[in-house]
Amino acid sequence: MEKNAAMTLLSVENLRVAVEGEEILKGINLSIGTGEVHAIMGPNGSGKSTLSHVLAGRDGYQVTEGRVLYKGEDLLAMEPEERAQAGLFLAFQYPVEIPGVPTVSFLKHAMNSVRKAKGLNTLDAFEFKKIMDARLADLQIDNSMVRRPLNAGFSGGEKKRMEILQMALLEPELTILDETDSGLDIDALKVVADGVNAMRSPDRTTLVITHYQRLLNHIVPDRVHVLAGGRIVRSGDPSLALELEESGYGDMVTAA
Amino acid sequence: MAIVQETIDTVREATGAYKHGFVTDIETERAPEGLSEDTIRFISAKKEEPDWLLQWRLKAYRHWLTMKEPVWAKVGYAPIDYQASSYYAAPKSAADGPTSLDEIDPELLETYAKLGIPLKEQEVLSGVRNVAVDAVFDSVSVATTFRERLEKDGILFCSISDAVREHPELVRKYLGSVVPATDNFFATLNSAVFTDGSFCYIPPGTRCPMELSTYFRINASQTGQFERTLVIADKGSYVSYLEGCTAPQRDENQLHAAVVELVALDDAEIKYSTVQNWYPGDEEGRGGIYNFVTKRGLCEKRARISWTQVETGSAITWKYPSCVLKGDDSVGEFYSVAITNNRQQADTGTKMLHVGKNTRSRVIAKGVSAGHSQSTYRGRIRINPMAHGSRNYTQCDSLLIGDECAAHTVPYIEARNQSAQVEHEATTSKVSEDQIFYCRQRGIPEEEALTLIINGFCREVLQELPMEFAVEAQKLVGISLEGSVG
Amino acid sequence: MAGEPTGLLHAGGTASLPGAGNTWIDSLREAGARRFTGLGLPTRKVEDWKYTDLRALSGSAWDLPVEPADLANIEDDASAVLINGCWMRGHRPLPDGVELVSLARAIEDGDDVVRHHLGSVASLARKHFVALNTAWLADGLVLKVADGVTIDGPLRITLAGAPGAQRLAWHPRNLIVLGREASLTLVMHHVGTGDYLANLVEEVVLERGARLRHYRVQDDSPDAVNVSTTEVKVAGDATYENFVLATGAGVGRNQIAVELAEPGASVRLDGACLGRHRQQLDTTTVIDHAAPRCTSREAYRYILDDSAKGIFQGRVTVRKHAGGTDSHQSSKTLLLSGKAGIDAKPELEIYADDVSCGHGATVGEIDQDALFYMRSRGIPLEEARDLLIAAFIEGAVETITSPEVQALIRDHALAWRTRA
């Protein structure tokens, strides 16, 4: 991979974020180049989820300082759906259940919304089904899953696979995996990792947010950052993840 | 999945909130304003009714004079002046009665075409719809399609006025047999002044080969519409019946007090679906239809009546489609979606009266309130002492959009038999912000996300509708909720 | 006939009642009398009373109670005993920080807390029996717990009914005030013989952070009518828990109204109604979510045998701005006889959108499959029935958070099966 030549896709500059008046992110700086895989690791309460939610545009967070550029544009000024249409995909830690909405309808709807925004033609039911079936086969997901209402009554593993299926369909430029590994057994973890790896290419960028190192055995990052106390306290190559596995977060949290 | 996309497209396309608000410019013959025995004699004479029916009407009227308008529903409106309305309005061109569909006033044909209702049979045959239509325009039935085709199977489908003339024995036997002329204030008023409506009789053992449908349209101003529908499914027969309604956009409130009676004899099945889209009034609550309707079905042995309703229109909705489960092993069902927005008020639900043994009922009611609207589910489940082994299941869910609206749930459960089983569940919540955000993160704009989620919420009910109506209803869900987010 | 004021209002004069001559108490009584004259006894045309038949109250003349001649035969070690609505005695030294006196005395003393709260929680509007009670407001008890005082063991109070020469009607009023962060467990036991109307009204005030566990065993005379009204105002972060076990009275109605007045208040209302013969057992509750982030839980169970009738009416109102409301209610009924019946009316009235509210109601007979299963394991039919009934009762009793009271109420409930 031509890491040095990578263009900057996402640039987070001195980002400070508060929730109900309490500062959670205290000046984050992060730059991710196109085609790179970055991992953000950190203990509970370090602000990992806050970061992913702010990037995706969820309500309830006050950005008090700093900015985020995505493809050189002001990401924070965009509506959540505009960010999605611009190729930002968040794989949720806790995907929500939407009773009564058939998964397949939802997928087609989402895909056509994104295509429309990109100026592509919308897919009819037949075209969509062909694409979906191919992705289902790639990910070894049973067809019956998409006929059920979206995430309703899905197991933890099924929900995470559904996230990966959506990622595969929407073909995002920037994927943020928010603790996608939490609550997964090793088989499900492999499915997720294989799905992400299959999509790895010079024009796809991934930000893996996780508490544990084990997902990074499967999705090997280019850079690892440690988030603690609302700040990135260390950055390094993948060996940093292994170091953390050995010694834990203790030292770095104190360092923060 | 095509349906959902279509819903979204419709929502996007729709610019005005209410699509059917136009007025047809047509010459109308109407009764003078006011209500008296003379008005009733006028209506009866216009319709060349036999004396027994006139007497039946007059009896109802005299009883009505002793009744008080009900006040228990959670709806509020200024007192209705029953003398300020006209009780009969008919397109002049219909006065002589069209003898064939070709003679129908082209203005009328155009009106129905605009509403998407095919009155020319050839249009229907070339299209996908397989529906026979009785079109009621103000006080009269202007056309009934496929009459001859249906008669080959012995099925009678015509306006109730025609039925009074052509099948008096059936009308006399069943009219008022389920909803007596003295039943309640609005039903009694209807019994006195009803003008037209649909009549349907399915002979024993016959499965009606197409959907039957009545399409109600209020056009004239300062009129009320009082139609009466009577559906009789003889032993072992089956019919699916659809009902749709629209009205022009006006500043005045117009009264619609209909009565629908269903009779399902032994082993018969009636599926009755309504998509109610009367003009709901404007954002400030000006105008709109007062929809005060009595609908009830009687089930004999092993019969089944299934009510499905999608209520999106009307300024005020007051209706409780009910089942009297008289015969052993009979089944009653009620599936309802009620959506209110702006200043609309809906008080709707059902009554399931379990009389026979092993009777079953199932109630699924979904209420969505937005804007400044108010929506109430009101239901009564009554298990009589002799209704051994009867079962009821009720689920009613309410969803609130915005903090200016209200949702109420008022169920009455009366169990008088030890072996009965009654289960009632109700929930009220708001549309989850997490769900909306999830959809938006996948690129779906907020208003579309809302429509998607609401359609999901209502799905259990919408899927009970015949296919053509289901699509229609899903579109309506989106349109009725326009402007309720943001 | 119900519907007219009946002799209930004219059983005697008010001039001899405690505190008579003081304007504040006279005008309170007058307001009650006026209201009751206007309302009369409720008929079934009154929506709140559509299922309960009060014909038992019609007919004969009524007397107000005079003190029973012989008290010696009432043995009780309760902290307080009311007989026919009159304060008889207090018992035992009370824990520090707890004050328990007769209402009559408190009125005569012009107690500030009483003057402040009496009639302020229980409103007269549309409440027929509160109006009647207010008209005759004379005695009862006043219970105060000082700020920060926690009383673990239950305080017990007995309310006994004894027959008079004529039918008696009494109208005791209890006022219970818990100060900030105070905590109390209270058990009230209703017993009696003969034909009477016990029309109890209780006003409960819980200040910020207080917790009252309020239990009632209603085991009145089978010929009696018991209408008990409990009206509660719950301040911020305070908790009110109520459980009623109703086995007595020909007509027994528990009406409980709780106002969750400030953020973080919570309530749980539970109970079991065990009815037989021609008993009517009625629970009518109103929970008013008047402030944000309050919680309510409600669970009632009915077991109805013979021609007994159960009535459950539970209304939950969520006012505008009471966002973050969390409310759930359930009622379950077991019908043991073909002539028994239940009327249930759970009701939600919601004016705020940020809510999670629900209710459920079920009616059924004993699970025939479970019965068969047990019998196939060798358990005789009657025993199997008893086991299943006990399990059903347990489902109610287990909601009681005081272990001591839970045991007491469980024993009482299980004994119901074996009594006549």
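How many salt bridges does the rule find across the interface of chain A and chain B? The rule finds four salt bridges there, and one of them joins the side chains of R58(A) and D434(B), with 2.5 Å from N to O. The structure is a predicted model, and every value below is computed from it. Two pairs of chains are in contact, and of these, chains B and C share the most contacts, whereas no contact joins chain A and chain C, whose closest C-alpha atoms lie 15 Å apart.

**Chain A with chain B**

- The contact between these two chains draws 37 residues from chain A and 25 residues from chain B, and the area buried between them is about 2600 Å², with carbon and sulfur atoms giving 63% of that area.
- Besides the four salt bridges, the interface of chain A and chain B has 16 residue pairs in polar contact, counted where both residues have pLDDT 80 or more.
- On the side of chain A that touches chain B, the elements that give two or more residues are α2 (80–85), β6 (88–91), α3 (103–117), α4 (125–138) and α5 (156–170) of chain A, and the largest share, 10 residues, comes from α3(A).
- Sorted by class, that side of chain A has 21 nonpolar, nine polar and seven charged residues.

**Chain B with chain C**

- Here the contact takes 33 residues from chain B and 35 residues from chain C, and the two chains bury about 2700 Å² between them, 46% of it on carbon and sulfur atoms.
- Within chain B, the residues that lose the most area to chain C are I413(B), R416(B) and Q418(B), which together make up 23% of what that side buries.
- Four salt bridges are counted between chain B and chain C, and one of them links K320(C) with E404(B), whose closest N and O atoms are 2.9 Å apart.
- There are also 17 residue pairs in polar contact between chain B and chain C, both residues being at pLDDT 80 or more.
- Three strands of chain B, namely β20 (374–383), β22 (406–415) and β23 (421–430), are the elements that give two or more residues to the side that touches chain C, and the residues of that side divide into 12 nonpolar, 12 polar and nine charged.

**Inside chain C**

- The domain assignment of chain C gives domain 1 (6–262) and domain 2 (367–420), and the centres of these two domains, taken over C-alpha atoms, are separated by 31 Å.
- Each domain of chain C brings 14 residues to the contact between domain 1 and domain 2, and the two domains bury about 1100 Å² between them, 71% of it on carbon and sulfur atoms.
- Across this interface between domain 1 and domain 2 of chain C the rule finds zero salt bridges, while the count of residue pairs in polar contact, both at pLDDT 80 or more, is three.
- On the side of domain 1 of chain C that touches domain 2, the strands β9 (183–192), β11 (211–219) and β13 (239–246) of chain C each supply at least two residues, and β11(C) provides the largest share with five residues.
- The residues on that side of domain 1 of chain C divide into six nonpolar, four polar and four charged.

Terms used:
Residues numbered from 1 in each chain as written. Chains lettered and ligands numbered in written order. Predicted model: local features only at pLDDT ≥ 70, side-chain atom pairs only at ≥ 80, totals over all residues. Heavy atoms only, no water. Contact = heavy atoms within 4.5 Å. Buried area = accessible area lost by both parts, 1.4 Å probe. Polar contact = N/O pair within 3.5 Å; in protein donor to acceptor, adjacent residues only side chain to side chain. Helix = DSSP H or I, 4+ residues; strand = E, 2+ residues; numbered from the N terminus. Nonpolar A, V, L, I, M, F, W, Y, C, P; charged D, E, K, R; others polar. Domains from an automatic or database assignment.
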